[in-house]
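Welcome to this short briefing. Have a look at the sequence and the model below, and then we can walk through the helices, their packing and their charged pairs together.

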Amino acid sequence: MKTNDLIKVTFLKEITTKGIDAVNVQSLCGVLNIKRQTFYYYYRDIYDLVDSILGDYYDDFKDKEINIYYISEVLEAIKENINLFTEFINSSLHELFESFLKKLIIPYTAYRIQENKSADLLSNDNIREITEFLSRGIIYLLTDIVTKESDLQTSLIRNKINVYLDPVLLTDLINLYHTNRRNI
């Protein structure tokens, strides 16, 4: 196993057994029996390491087709890694986790908006703005659920997300947005 991968695997083991606040560069290097210079050769700091780990998770999704089933796959991945992601959310690393979720949620939200016939009224910038707005709500919902539940009911969460993206509500939102944009 490559050193950078060994650092990641060991970090993940350490935070799931000791908690994220108990793991730092020095303790990680001690467990790995490597010099801190070796760690810093691969990562600037713990944030960079976590960003790389989340990047690995994101890589599993970046080439997936965005369709109605995409969100179920995202939720299953979150469920499989619930303890890890809960550690991230409940720490100073929560912003990195929220950025990771944003990369996963925005394409799905955009897909759902663009499949709505009313979206033809909007420019790409308008769609991007509505996508950002709705995605923030979904990300808040997900982070709230992940911190409160250790056994995610993915079908229930998917249904809650689909309420945000209900075609009738989206049509109303898009029409309201379009009308208000014209009046500005």
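A residue counts as buried when its relative accessible area is under 20%. Arg 112, with a relative accessible area of 7%, is therefore buried. Please keep in mind that this is a predicted model. The protein has 10 helices and 0 strands, and buried residues make up 42% of its 184 residues.

**Overall picture**

- Along the sequence, the pattern reads α-α-α-α-α-α-α-α-α-α.
- Taken along the principal axes, the C-alpha atoms fill a box of roughly 60 × 30 × 30 Å.
- Among contacts with a separation of 6 or more, 69% are between residues 24 or more positions apart.

**Helix H7 against helix H8**

- Two packed helices are described by the angle between their axes and the distance between the axes.
- For helix H7 (residues 94–114) and H8, the axes come within 8 Å and cross at roughly 130°.
- An angle of that kind makes H7 oblique to H8.
- The crossing of H7 with H8 is right-handed.
- On the H7 side, the contact is made by Phe 97, Glu 98, Leu 101, Lys 102, Ile 105, Ile 106, Thr 109, Ala 110, Ile 113 and Gln 114.
- On the H8 side, the residues in this contact include Ile 127, Ile 130, Glu 132, Leu 134, Ile 138, Ile 139 and Leu 142.
- Sorted by class, the contact of H7 with H8 has 12 nonpolar, 5 polar and 3 charged residues.

**Helix H6 against helix H8**

- Helix H6 (residues 82–89) and helix H8 (residues 124–148) have axes that come within 9 Å and cross at roughly 110°.
- Angles of 65 to 115 degrees count as roughly perpendicular, so H6 and H8 are roughly perpendicular to each other.
- The crossing of H6 and H8 is left-handed.
- H6 contributes Ile 82, Phe 85, Thr 86 and Ile 89 to the contact, while H8 contributes Thr 143, Val 146 and Thr 147.
- By class, the contact of H6 with H8 has 4 nonpolar, 3 polar and no charged residues.

- Where does Leu 54 sit? Its place is in helix H4 (residues 46–59).
- Leu 54 is buried, at a relative accessible area of 2%.
- Neighbours within four places in sequence aside, Leu 54 is in contact with Phe 85, Phe 88, Leu 96, Phe 97 and Phe 100.
- Leu 54 and Phe 85 are 31 residues apart in sequence, and their C-alpha atoms are 9.6 Å apart in space.
- Ile 78 belongs to helix H5 (residues 70–80), and with 2% relative accessibility Ile 78 counts as buried.
- Setting aside neighbours within four places in sequence, Ile 78 is in contact with Phe 85, Leu 101, Leu 142, Val 146 and Leu 152.
- From C-alpha to C-alpha, Ile 78 and Leu 152 are 8.5 Å apart in space, and they are 74 residues apart in sequence.
- Phe 85 is listed among the contacts of Leu 54 and among those of Ile 78, and Phe 85 also takes part in the contact of H6 with H8.

**Salt bridges**

- Side chains of opposite charge can pair when their charged atoms come close.
- How many salt bridges does a search of the whole structure find? The search finds 10 salt bridges.
- Glu 14 forms a salt bridge with Lys 18, with the closest N and O atoms 2.7 Å apart.
- Glu 14 and Lys 18 are 4 residues apart in helix H1 (residues 3–18), which means they are separated by about one helical turn.
- Glu 14 is buried at 12% relative accessible area, whereas Lys 18 is partly exposed at 49%.
- Glu 115 and Arg 112 meet in a salt bridge at 3.1 Å, N to O; Glu 115 is partly exposed, at 44% relative accessible area, and Arg 112 is buried.
- Asp 144 pairs with Lys 148 in a salt bridge, the closest N and O atoms being 3.1 Å apart.
- Both Asp 144 and Lys 148 lie in helix H8, 4 residues apart, about one turn of the helix.
- Asp 144 is partly exposed at 25% relative accessibility, and Lys 148 is exposed at 63%.

Key:
Residues are numbered from 1 along each chain as its sequence is written. This is a predicted model: local features need pLDDT of at least 70, side-chain atom pairs count only at pLDDT 80 or more; totals for chains, interfaces and linings use all residues. Side-chain values use heavy atoms; hydrogens and water are left out. Axes are lines fitted to C-alpha atoms, for helices over the stretch in contact, and angles run from 0 to 180 degrees between N-to-C directions. Helices (H or I, at least four residues) and strands (E, at least two) are DSSP runs, numbered from the N terminus. Angles under 35 degrees count as roughly parallel, over 145 as roughly antiparallel, 65 to 115 as roughly perpendicular and the rest as oblique. A crossing is left-handed if the near helix is turned anticlockwise from the far one by less than a right angle, and right-handed if clockwise. Contact means heavy atoms within 4.5 Å. Ala, Val, Leu, Ile, Met, Phe, Trp, Tyr, Cys and Pro count as nonpolar, Asp, Glu, Lys and Arg as charged, and the others, Gly among them, as polar. A salt bridge is a side-chain nitrogen of Lys or Arg within 4 Å of a carboxyl oxygen of Asp or Glu. Buried means under 20% relative accessible area, exposed over 50%, partly exposed in between (1.4 Å probe, protein chains only).
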